[in-house]
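Open the model in your viewer and keep the selection panel at hand. The stops below cover cavities first, then salt bridges.

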Amino acid sequence: MKAKIEMLLRVIRSAEDEVAKDLLAIGRRHQSDHEVYHLTRDLAEWSHEHVRMLDKVAAEAGISLDAGHDDDAVTALKGARDPLPEQDIEPPLLLLADLRRIHLDCVGLSVDWEVLAQAAQGEKDDRLLQLAQRCQPDALRQARWANSLIKVVSPQIMAT
Amino acid sequence: MEGNSSRPRGTTPWVIVERAKADLARQGPSALGFYTTGQLFLEEYYLLGLIAHGGIGTPHLDGNTRLCTATAAAALKESFGNDGQPGSYRDIDYADVIALFGHNMAETQSVLWMRILDRLEGSDPPAIICVDPRLTPVARVADVHLAPRPGTNLVLVNALLHEIITNGWYDADYVDAHTVGFDELEKTVKEYPPEHAAAICDIPVEDIRSAARILGNAERLLSTVLQGFYQSHQATASAVQVNNINIVRGMLGKPGAGVLQMNGQPTAQNTRESGADGDLAGFRNWSNVEQVADLARLWNVETNQIPHHSPPTHLMSIMRYAETGSISFLWIIGTNPAVSLPELARIRSILGKEELFLVVSDLFLSETAQFADVVLPAAAWGEKTGAFTNVDRTVHISEKAVSPPGQARSDLDTFIDFARRLNLRGKDGAPLVPWTEAEQVFEVWKECSAGRPCDYTGITYDKLRAGSGIQWPCTDEAPEGTERLYVDGQFLAQPQYCEDYGHDLLTGAPVEKVEYEALNPQGRAVIKAAHYHPPHEQPSDEFPFVLTTGRTIYHFHTRTKTGRAPQLQNAAPDVWVELSQSDANRLSVEEGDMLAVETARGAIQGRARISGIRNGVIFVPFHYGYWDTDGGKEPQNRGRAANELTITDWDPVSKQPLFKTAAARVVKLAAGDGASSPAPTTGASAPVGSREVPATLGGRAGTASEEVR
C-alpha cells in the first residue's frame with residue numbers, strides 16, 4: 001500500500017474514532033433530549049463499525065492503523081479540530097453548538113472517504129473502493145441527521 | 001352520560017384568552033402548544049389546525065394519534081408519497097390470505113374481526129398469518145403464528161421479503177412499471193436469510209419459510225398492521241416493509257389485495273387529514289412552499305404565517321419544550337397524557353410545573369385534568385354533530401342525539417369562541433373563524449381538500465344523511481366515492497403533488513426536495529429498505545424481561561369512559577401482569593400471586609396471569625391510572641399504570657413512542673392464596689395453566705332475549 005494511502009487510512013480511522021467518541025459524549029450531556037441521546041448512540045455504532053472494517057482491510061494489507069502510529073503528517077492532515085464546546089453554555093445553546101460541531105466533523109469525514117474512493121479508483125484497488133463506497137454514505141447520513149435536528153430545534157431555542 | 005363527580009376548577013375561557021395573549025406578547029407563537037386527540041370530529045380538528053397553524057402561527061400542534069397511528073401515516077407517506085389507506089375493509093371479503101402484523105384485531109377492532117370470523121366459517125376461508133408475541137385470538141386461528149422477540153420485527157419482515165424475492169414470488173412487471181427502489185431492497189434483504197432471522201427473532205426457521213410461502217403464493221393478499229409494529233422498535237422501517245410485500249407482489253388496488261395500516265381511534269384518520277396531528281391540512285407538504293402558499297390563500301393569511309420552516313412539532317418534542325419552559329401555554333383536548341405517555345413520573349413533573357399554564361378539555365376529570373389550571377367540560381360524540389372518517393377513508397355523519405350536560409360544550413363551539421376572543425383575523429382583517437355551525441366548517445374543509453388525495457368535494461351532509469358511508473376521494477368524477485386507491489399501479493407520489501418526500505428510515509432526516517425529484521420524478525411507489533439494529537434497551541442481568549404493553553377488549557385507552565361502564569369495568573377491573581408458564585415456573589409464580597414489575601423508570605404491582613405469551617416477555621395492560629384510586633392523579637401506595645415503567649424513546653421517522661420494548665424485572669411480593677388475577681379469561685389474557693380461574697362473563701346485565709315471530 002502506498003504511503004499516502006496508508007496515511008489517509010490513518011486519518012480516516014482516527015476521525016471515525018473521534019466522531020464516535022464525540023457522539024457518545026454529546027448523547028451523555030443531552031440525556032434529557034431523548035432523540036439526541038438514542039440517535040447519537042446508534043450513529044456512534046456506525047462509526048465503530050467503520051473502524052472495524054478499516055482495521056480488517058488494513059490487517060489484510062499487513063499494516064496497523066492504531067492511533068499510536070500517528071505521525072505529524074497525519075495530525076496535520078486531520079486539521080485542527082475544535083474541542084467539544086464548554087459545558088457551561090446554557091443547555092439548549094450547547095445542544096446547537098454540539099450538533100453544529102458533529103455536523104461539520106461528519107461532513108469532513110465524508111470528504112475524506114471521497115478522497116479515498118477516488119484514490120482507490122486511481123490505484124484500481126477494489127477492496128478500498130468498496131470500503132469507501134460502503135462508509136461514505138453513512139458519514140453523510142450522520143452529517144444530515146445533525147443538520148436536520150438543528151433545523152428542527154433552532155427556531156424554538158432562539159425564540160426564548 | 002355520567003356527570004363529573006368532582007368540582008370544575010374554574011371554567012372561564014377569558015382566563016385562557018388572557019394567558020394566551022400574554023404569552024404571545026412575551027415570546028410569540030412558539031410559547032403556545034396544543035395536544036389533541038383521535039376522538040373529535042373532522043370539523044373540530046380542522047378548526048383547531050386553522051387556529052394553531054394559521055391564526056396563532058405556532059408549529060406546536062399534535063394529536064394523541066402520535067401514540068397510535070403516526071407510524072401508519074408515516075409508512076404510507078414513505079411508500080406512496082401520501083397518507084391515505086390503499087385498501088378497503090371490503091378486501092377482507094375477497095382476500096385468500098390475510099396477514100396481521102402486530103395486530104390483535106379481535107381485541108382492537110372487534111367488529112372488523114367478526115368479518116374475518118365470518119370468512120373463516122365460510123366455504124372458502126382465507127389463510128391467516130399472525131405476528132404477535134402473545135397467544136391472541138388471531139394467533140389461535142392462524143395458519144402460521146410467528147411470535148418474534150420484541151424489537152425484531154424488521155428482521156422478520158426482511159426475511160419474508162428475502163424469501164419472496166429469492167423464490168421469484170414477486171411481480172417483476174409491476175415492479176418495473178410502477179415502482180422505484182427495488183434494487184436497494186433486493187440488496188438489503190439478501191442479508192436476512194430465514195436462518196439468520198430465526199436466530200435473532202428466536203422463532204422456528206420453518207415457520208418463517210411457511211409464512212413466506214403463503215404470502216408469496218397468495219392470489220389476493222391483504223396485509224394489516226397495528227401497534228405491535230407501530231409502538232415497537234424501528235416502527236416505520238418495519239411497517240414500510242409490510243407495504244413492500246404488497247408492492248413487490250403487485251397486491252394493491254384490486255379486490256382482496258391491499259394494505260390496511262390500521263388506526264386505533266375512531267377519528268384518527270380525520271386528525272391526520274385535517275392537519276391536527278403534526279401535518280398540514282389536506283395532506284399538504286410542509287416542505288413544498290407552493291402547497292403551503294395554496295393553504296395560505298385558502299386561509300386568507302400570509303404564507304409565512306403558517307409555520308413551514310421545519311416539520312410541525314411532534315408530541316414528544318412539545319412535552320420537552322414544556323419541560324424546558326419554552327412552551328408555557330399547553331391546551332390538551334380529549335386525551336390523558338398523565339396515564340398514556342411513557343415514563344409517567346417525568347410526565348407528571350412536566351404537567352405539574354408551576355410555570356406551565358395547562359388547559360384541559362375533557363368529558364371527565366381525568367388524571368390529566370387534575371393537573372390543569374383550567375378545565376373545560378366537553379360534549380361527547382352523541383352530544384354534537386360532525387363528520388367521522390374511519391381507517392378505510394369511509395366518511396360518516398354522526399348526529400347529535402342529546403344535549404350536553406351542564407356547562408359542557410362541543411369542542412367546535414369552544415374553538416370558535418377562543419378564536420373570536422383572541423381576535424384572530426386574516427390578512428385583510430376579516431375574522432379568521434366566521435362560522436358558527438359544524439356544517440359550515442365542513443363546507444370550508446371541502447374547499448381545503450379539493451384536489452388533494454383526501455378530496456371531499458363530492459360529499460355533503462345531506463348526502464351522508466341519505467346513505468352513510470362514502471369513501472374519499474369523492475368528487476364530481478367519482479360521486480359515489482373511491483373504494484380502492486392506486487388501481488392499476490397509478491400512484492400519486494409526484495414531487496409537486498406528494499405530501500412528503502420521505503425520510504432516512506434509520507436517522508429520521510428528511511429527504512430534500514431535489515433528491516426526491518431525482519429519485520421519483522414520475523411519482524411511482526417508493527420501495528425503501530432498512531437494516532436492523534438492536535433495540536436501545538436490551539434485557540440485562542438486572543432487568544431480564546422484555547416488557548410489552550397493550551390493551552384488552554373491555555377497555556379503551558385510559559378507561560376515562562370504559563371504566564365508568566360497570567360491565568366493562570367488572571370484566572377487567574384492575575391491572576395484571578402476564579407471563580409465560582415456563583417463566584412462572586422458574587420464578588415460582590402462580591396465578592393470582594402479587595408481583596412487582598420494575599424498570600429503570602419505576603415500578604407497578606399487579607396479580608399474575610399465566611398466559612400464552614412467549615418466554616422472556618411480560619405484558620401489562622396500559623389502561624389503568626389513578627382517577628378511581630385514592631391517589632387521584634398519581635400513585636399513592638402502589639403504582640399500577642404500565643407507563644410508570646416504559647422508556648422515553650420514539651421512532652426516528654414517525655416519532656411514535658415505543659411501548660413494546662423496555663427491559664424489566666419481576667419480583668414476587670406475596671402468594672395469591674387462591675385469589676385470581678383480575679385479567680379477563682377471554683382474549684390474549686386467557687389463562688393457560690391448570691388452575692381453575694373464574695370465567696369472565698357478562699352476567700345478567702349482559703344477557704338479552706329476542707323473540708322472532
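**Cavities**

The structure holds three cavities of 30 Å³ or more. A cavity here is a set of points on a 1 Å grid over the protein atoms alone where a 1.4 Å probe fits but cannot get out; lining residues have an atom within 4 Å of a point. This is a predicted model: local features need pLDDT of at least 70 and side-chain atom pairs 80 or more, while totals for chains, interfaces and linings use all residues. Residues are numbered from 1 along each chain as its sequence is written, chains are lettered from A and ligands numbered from 1 in the order written, and side-chain values use heavy atoms, without hydrogens and water.

Select His233(B), Gln234(B), His533(B), Asp651(B) and Pro652(B). Of the 14 residues that line the largest cavity, these lie nearest its centre. The space inside is about 100 Å³.

Next, select Lys77(B), Glu78(B), Tyr516(B) and Leu519(B), which are among the residues lining the second largest cavity. That cavity has about 40 Å³ of space.

**Salt bridges**

Over all chains, 59 salt bridges are found. Each is a side-chain nitrogen of Lys or Arg within 4 Å of a carboxyl oxygen of Asp or Glu.

Go to Arg66(B) and Asp62(B): their side chains meet at 2.7 Å, N to O.

Now show Arg614(B) with Asp202(B), a salt bridge of 2.5 Å, N to O. The pair ties together parts that are 412 residues apart in sequence.

Finish at Arg559(B), Asp574(B), Asp628(B), Arg638(B) and Arg640(B), joined into one network by salt bridges that share partners.

Terms used:
On a 1 Å grid over the protein atoms alone, a cavity is a set of points where a 1.4 Å probe fits but cannot get out, and a pocket is an open set with protein on both sides within 12 Å along at least five of seven lines; lining residues have an atom within 4 Å of a point. Grid points are joined across faces, edges and corners, and a volume is the space filled by probe spheres set on the points. Helices (H or I, at least four residues) and strands (E, at least two) are DSSP runs, numbered from the N terminus.
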